[in-house]
Amino acid sequence: MEIDVAKLAAQTAAILAPFLPYLLKGGKAAAKAALERVGQKFVDETWEQAEKLWKKIWPKAKKKEAAKEAVEDAAQHQTDDDALATFRRQLKKLFEGDQELVKFAAENIIVAGDRSIIGKDFSN
């Protein structure tokens, strides 16, 4: 089954974006406190999902200056559509160059209560 990397990048960005400042430096406790301060419910499962994706994506992203900068900009400018679009684009580029990363992300994203955005058959 062919995976739509643009869709995967968008969904990955949507999961990671709210947590980026904390994934970069603050950790789970800081994320929970900040999100609760602004009235958003912190869900441990969502954090764990973001953290799991982050641990695979960040080592690859920080090796590419444009990707590293996109992550940092998205973390600093959470409401800036341009920063978030650049972050999505850099995720897409990372995915286009790494089928193992694509597989990992697709297998680990939960959307609308389903454990997969595309399906679980990655045998191809």
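Where is the place of Thr 12? Thr 12 sits in helix α1, which runs over residues 5-16.

Thr 12 is buried, with a relative accessible area of 0%. Leaving aside residues up to four places away in sequence, Thr 12 touches Leu 53, Ile 57, Leu 91, Phe 95, Ala 105 and Ile 109. Take Leu 53 from that list. Thr 12 and Leu 53 are 41 residues apart in sequence. In space, their C-alpha atoms are 8.0 Å apart.

Two of the contacts of Thr 12, Leu 91 and Phe 95, are among the buried residues of helix α5. That helix covers residues 81-96. Its 16 residues should span 22 Å at 1.5 Å a residue, and the end C-alpha atoms are 22 Å apart, so the two values agree. Which residues of α5 are buried? They are Ala 83, Leu 84, Phe 87, Gln 90, Leu 91, Leu 94 and Phe 95. These residues cover an arc of only 145° around the axis, so they lie on the same side of α5. The face turned away from that buried side carries Asp 81 and Asp 82, both exposed.

Now turn to helix α3, residues 44-61. Trp 54 and Trp 58 both lie in this helix, 4 residues apart, or about one turn. An α-helix has 3.6 residues a turn, so residues three or four places apart point the same way. The model has 1 aromatic pair. In this pair, the ring centres of Trp 54 and Trp 58 are 4.9 Å apart and the planes meet at 10°; because stacking requires planes under 30 degrees apart, the pair counts as stacked. Are these two residues buried or exposed? Trp 54 is buried, at a relative accessible area of 7%. Trp 58 is buried too, at 15%.

A ring also features in another arrangement. Lys 56 lies over the face of Phe 104, at 5.2 Å from the ring centre.

How far can the coordinates be trusted? The protein averages a pLDDT of 79, and 71% of the residues score at least 70. Confidence is highest in helix α5, at a mean of 97. It is lowest in helix α2, residues 20-37, at a mean of 65. Over residues 111-124 the pLDDT is below 50. Beyond near neighbours in sequence, this stretch still has 26 contacts in the model. Where pLDDT is low, the predicted coordinates should not be read in detail.

Conventions. Residues are numbered from 1 along each chain as its sequence is written. This is a predicted model: local features need pLDDT of at least 70, side-chain atom pairs count only at pLDDT 80 or more; totals for chains, interfaces and linings use all residues. Side-chain values use heavy atoms; hydrogens and water are left out. Rings of Phe, Tyr and Trp (its six-membered ring) pair if their centres lie within 6.5 Å; planes under 30 degrees apart count as stacked, over 60 as edge-to-face and the rest as tilted. Buried means under 20% relative accessible area, exposed over 50%, partly exposed in between (1.4 Å probe, protein chains only). A charge sits over a ring if NZ of Lys or CZ of Arg is within 6 Å of the ring centre and within 35 degrees of the ring normal. pLDDT is the predictor's confidence in each residue, from 0 to 100. Contact means heavy atoms within 4.5 Å. The expected span of a helix is 1.5 Å times one less than its number of residues. The arc is that of the directions from the helix axis to the C-beta atoms.
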